[in-house]
Amino acid sequence: HLASDTAQVHSALGTANYHFDTIDSYRTRLGLRWTRHLNQAQSFYAGLAWDYEWKGDAHAQYRTFDTPSPSTKGSSAMLELGWQSKMDKNHDWGADLHVTGWAGTQRGVTYSATVSRAF
């Protein structure tokens, strides 16, 4: 669930107020992840999943005009690859690096890096 909001857009033509309605998204994900442990602290992983969005329409208005409503309803496939280093009594630092590719209704690539430290 994303709450509604109003935003002002400023341009050379002036200022415009846009209103964004709430969005309720319902999805199901089914997948698996394979993990290869290199040692107690480090591992590689790969995952494959199917994701289905049941509902997820977005609406916005400008004055009396409604913008086209994009929808993410439908099936998508996800492939993820990553490396993880866990903190333990011998390692003060941890990390998780991964990249995820999407095909289908959702398309593109996401990536993230998380670094953690124990004191």
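This report walks through the strands, sheets and some side-chain contacts of the structure shown above.

## Before we start

What you see is a predicted model, in which local features need pLDDT of at least 70 and side-chain atom pairs count only at pLDDT 80 or more, while totals for chains, interfaces and linings use all residues. Residues are numbered from 1 along each chain as its sequence is written, and side-chain values use heavy atoms, with hydrogens and water left out.

Two terms come up all the time. Strands are DSSP runs of E with at least two residues, numbered from the N terminus. Two strands pair if DSSP finds at least two bridges between them.

## The four-stranded sheet

Let's begin with the open sheet of 4 strands, whose order is β1-β2-β5-β6 and whose pairing is antiparallel. Its edge strands are β1 (5–11) and β6 (65–66), and each of them pairs on one side only.

Inside this sheet, β2 (residues 14–20) meets β5 (residues 60–62) through 3 bridges in the antiparallel sense. Which residue of β5 stands opposite Y18? The residue facing Y18 is Y62.

## The five-stranded sheet

A further open sheet holds 5 strands in the order β3-β4-β7-β8-β9, again with antiparallel pairing. Here β3 (26–37) and β9 stand at the edges with a single partner strand each, so one side of each has no neighbour in the sheet. From one strand to the next, the twist averages 15° (axes are lines fitted to C-alpha atoms, and angles run from 0 to 180 degrees between N-to-C directions).

W93 has R117 of β9 as its bridge partner, and a hairpin of 3 residues leads from β8 to β9.

A41 sits in the loop between β3 and β4. Is A41 buried or exposed? With 7% relative accessibility, A41 counts as buried (buried means under 20% relative accessible area, exposed over 50%, and partly exposed in between, using a 1.4 Å probe and protein chains only). Although A41 and K86 are 45 residues apart in sequence, their C-alpha atoms are 4.9 Å apart in space. Beyond its neighbours within four places in sequence, A41 is in contact (heavy atoms within 4.5 Å) with Q84, S85, K86, D88 and H91.

Setting aside residues within four places in sequence, S85 is in contact with A41, Q42, W93, G94 and A95.

## E53 and its polar contact

E53 lies in strand β4. Its relative accessibility is 2%, so E53 counts as buried. The side chain of E53 makes a polar contact with the side chain of R27 at 3.3 Å (a polar contact is a pair of N or O atoms within 3.5 Å; within protein, one must be able to donate a hydrogen and the other to accept it, and residues adjacent in sequence count only if both atoms are side-chain atoms). Not counting residues up to four places away in sequence, E53 touches S25, Y26, R27, T72, K73 and G74.

## Aromatic rings

The structure holds 2 aromatic pairs (rings of Phe, Tyr and Trp, with the six-membered ring used for Trp, pair if their centres lie within 6.5 Å; planes under 30 degrees apart count as stacked, over 60 as edge-to-face and the rest as tilted). Among them is the edge-to-face pair of Y52 and W54, 4.5 Å centre to centre with 70° between the planes. Y52 counts as buried at 18% relative accessibility, whereas W54 counts as partly exposed at 49%. Together, W50, Y52 and W54 form one aromatic cluster.

Finally, R33 lies over the face of Y45, 4.2 Å from the ring centre (a charge sits over a ring if NZ of Lys or CZ of Arg is within 6 Å of the ring centre and within 35 degrees of the ring normal).
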